[in-house]
Amino acid sequence: GCDRSYRFPVSIRNGNVVNEFGDAVSLQGRVAPNGAIQVSVSAGGQQANGAGRLSPNTGSGPWRGQGSAGSCAGVWQAARR
């Protein structure tokens with residue numbers, strides 16, 4: 001029910017996940033001091049939530065989404081650039 005992959009440029013400022021993608025995507029999230037992260041992203045009637053853990057250079061965790069074609073789930077990955 002979901003496309004195979006999307007890339008979203010974000011930054012972390014004062015523990016907040018900041019959307020660097022533009023107005024087409026609504027993205028919000030929070031990173032705890034221990035690296036635990038919660039994120040929500042939505043665009044065009046589709047929505048996904050993710051959780052996981054960030055280290056200084058990478059991160060990953062599960063996500064679950066809902067779109068026009070139904071629900072889906074997977075694993076997100078982050079890399080510092």
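First, the basis. This is a predicted model, in which local features need pLDDT of at least 70 and side-chain atom pairs count only at pLDDT 80 or more, while totals for chains, interfaces and linings use all residues. Residues are numbered from 1 along each chain as its sequence is written, and side-chain values use heavy atoms, with hydrogens and water left out.

Seven strands form an open sheet, in the order 1-2-3-4-5-6-7, with antiparallel pairing. Strands here are DSSP runs of E with at least two residues, numbered from the N terminus, and two of them pair if DSSP finds at least two bridges between them. Strand 1 and strand 7 stand at the edges with a single partner strand each, so one side of each has no neighbour in the sheet. On average, neighbouring strands of this sheet are turned by 20° against each other, direction ignored; the axes behind this angle are lines fitted to C-alpha atoms, and angles run from 0 to 180 degrees between N-to-C directions.

I now go through the pairings in chain order. Strand 1 and strand 2 run antiparallel and are joined by four bridges. Within this pairing, valine 10 stands opposite asparagine 19 in strand 2. The two strands form a hairpin with two residues between them.

What phi does asparagine 14 have, although it is not a glycine? Its phi is positive, at about 55°. For context, most residues other than glycine have a negative phi. Asparagine 14 is found in the loop between strand 1 and strand 2. With a relative accessible area of 75%, asparagine 14 is exposed; on this scale, buried means under 20%, exposed over 50% and partly exposed in between, using a 1.4 Å probe and protein chains only.

Strand 2 and strand 3 are joined by two bridges and also run antiparallel. Valine 17 has glycine 29 in strand 3 as its bridge partner. The hairpin of these strands has six residues between them, and glycine 22 in the turn has a positive phi of about 115°.

Between strand 3 and strand 4 there are six bridges, again antiparallel. Here valine 31 stands opposite isoleucine 37 in strand 4, and glutamine 28 has serine 40 in strand 4 as its bridge partner. Four residues lie between the strands of this hairpin, where glycine 35 takes a positive phi near 95°.

Strand 4 and strand 5 pair over eight bridges in the antiparallel sense. Glutamine 38 stands opposite alanine 51 in strand 5. Two residues separate the strands of their hairpin, and glycine 44 in the turn has a positive phi of about 55°.

Strand 5 also holds arginine 53, which is partly exposed at a relative accessible area of 44%. The C-alpha atoms of arginine 53 and glycine 15 are separated by 13 Å, and the two residues are 38 residues apart along the chain.

I turn to the aromatic rings. How many aromatic pairs does the structure hold? It holds one. The ring centres of phenylalanine 8 and phenylalanine 21 are 5.5 Å apart and their planes are at 70°, so the pair is edge-to-face. By the criterion used, rings of Phe, Tyr and Trp (its six-membered ring) pair if their centres lie within 6.5 Å, and planes under 30 degrees apart count as stacked, over 60 as edge-to-face and the rest as tilted. The pair links distant parts of the chain, 13 residues apart: phenylalanine 8 lies in the segment before strand 1, and phenylalanine 21 in the loop between strand 2 and strand 3. Phenylalanine 8 is partly exposed, with 33% relative accessible area, and phenylalanine 21 is likewise partly exposed, at 39%.

Last, the largest pocket. About 1,600 Å³ of space lies in it. A pocket here is an open set of points on a 1 Å grid over the protein atoms alone, where a 1.4 Å probe fits, with protein on both sides within 12 Å along at least five of seven lines; lining residues have an atom within 4 Å of a point. Grid points are joined across faces, edges and corners, and the volume is the space filled by probe spheres set on the points.

The lining of the largest pocket has 47 residues, of which Tyr6, Phe8, Trp76, Gln77 and Ala78 lie nearest its centre. Strand 5 gives the most to this lining, with seven residues. By class, the lining divides into 26 nonpolar, 16 polar and five charged residues, where Ala, Val, Leu, Ile, Met, Phe, Trp, Tyr, Cys and Pro count as nonpolar, Asp, Glu, Lys and Arg as charged, and the others, Gly among them, as polar.
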